[in-house]
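Biologist: Could you walk me through reading a few features of this model?

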Amino acid sequence: ETFQLIGDIVSECVGDQGDGEGENPLFLDEFFHFGGDEVDTTCWERDEEISAWMKDQNYTDPDEAYAYFVKRAASIAIEHGRRPVQWSEVFDHFKHKLEDSTNVHVWKSVTNVTEVAEMGYDLLVNVGYADGSWYLDNLNRAWEEVYQRSPCQGIPDDRPDLCSKVLGGHGEMWGETVDTSDFDATVWPRLAAIAERLWSTDDQTSDSATALPRIQEFRCLLNERGIAAAPVNNADARSAPPGPGSCYKQRR
């Protein structure tokens, strides 16, 4: 029943019945993110039904059941013409046992991005809660810090072939410390710095001083359109501006 449900959800999202050519998909891209992070398998051993199933499968370790779930879920995405995406923990657990088409989404600093790429897997990157993290709930991360982080950080400079395995990244805004009252000021304009870094070449994003006028201008455009983007140079993402006046005055 679990995998039937997953299959039904994937079918609805991609708009097909298994041939990858369905009509009216909800999501047009080729990826399907299954998560897989922070899975606590110890509870499986305490559950009588799951324990009995693992015994029937000759599994002696809950990680074997975890691996079964990961591979079975990935196969469902592949059957529907999509590439599975899995968080760091899945790679850290199973390494080369993952499907070749898996995209590893790296958020943990202990995950070796060079190792992931050398094994042939594509990556999405955003190491959370580290220097230069693109996690937007790091309220004390200034825009310059996130701007200076390279998507290929952690990969040797002399291995451009591995850097090409990094398909991209993104800025997450986890919900523990935000609601509708402060969402815009927490996310913007720092997310714009992340976007420019990801959508531009290293040569174009090597100097944050050159980028400063652009992000200041963009912040003002957001304000003019009713989006409560915080002042660019705030020490904390959503703290008060340094003084009164328009965004053009506050930015100087």
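Biologist: Is Glu144 buried, exposed or partly exposed, and why?

Modeller: Buried means under 20% relative accessible area, exposed over 50%, and partly exposed in between, with a 1.4 Å probe and protein chains only. Glu144 has 28% relative accessibility, so Glu144 counts as partly exposed. This is a predicted model, where local features need pLDDT of at least 70, side-chain atom pairs count only at pLDDT 80 or more, and totals for chains, interfaces and linings use all residues. Residues are numbered from 1 along each chain as its sequence is written, and side-chain values use heavy atoms, with hydrogens and water left out.

Biologist: Which residues does Glu144 touch?

Modeller: Contact means heavy atoms within 4.5 Å. Leaving aside residues up to four places away in sequence, Glu144 touches Ser208 and Asn233. The C-alpha atoms of Glu144 and Ala209 are 8.6 Å apart, though 65 residues separate them along the chain.

Biologist: Where is Glu144 found?

Modeller: Helices are DSSP runs (H or I, at least four residues), numbered from the N terminus. Glu144 belongs to helix 7 (residues 143–147).

Biologist: And which residues of helix 10 are buried?

Modeller: The general idea first: an α-helix has 3.6 residues a turn, so residues three or four places apart point the same way. In helix 10 (residues 190–198), the buried ones are Arg190, Ala192, Ala193, Ile194 and Arg197.

Biologist: What covers the buried residues of helix 10?

Modeller: Their cover includes helix 7, together with helix 9 (183–187) and helix 11 (208–224).

Notes: Helix = DSSP H or I, 4+ residues; strand = E, 2+ residues; numbered from the N terminus.
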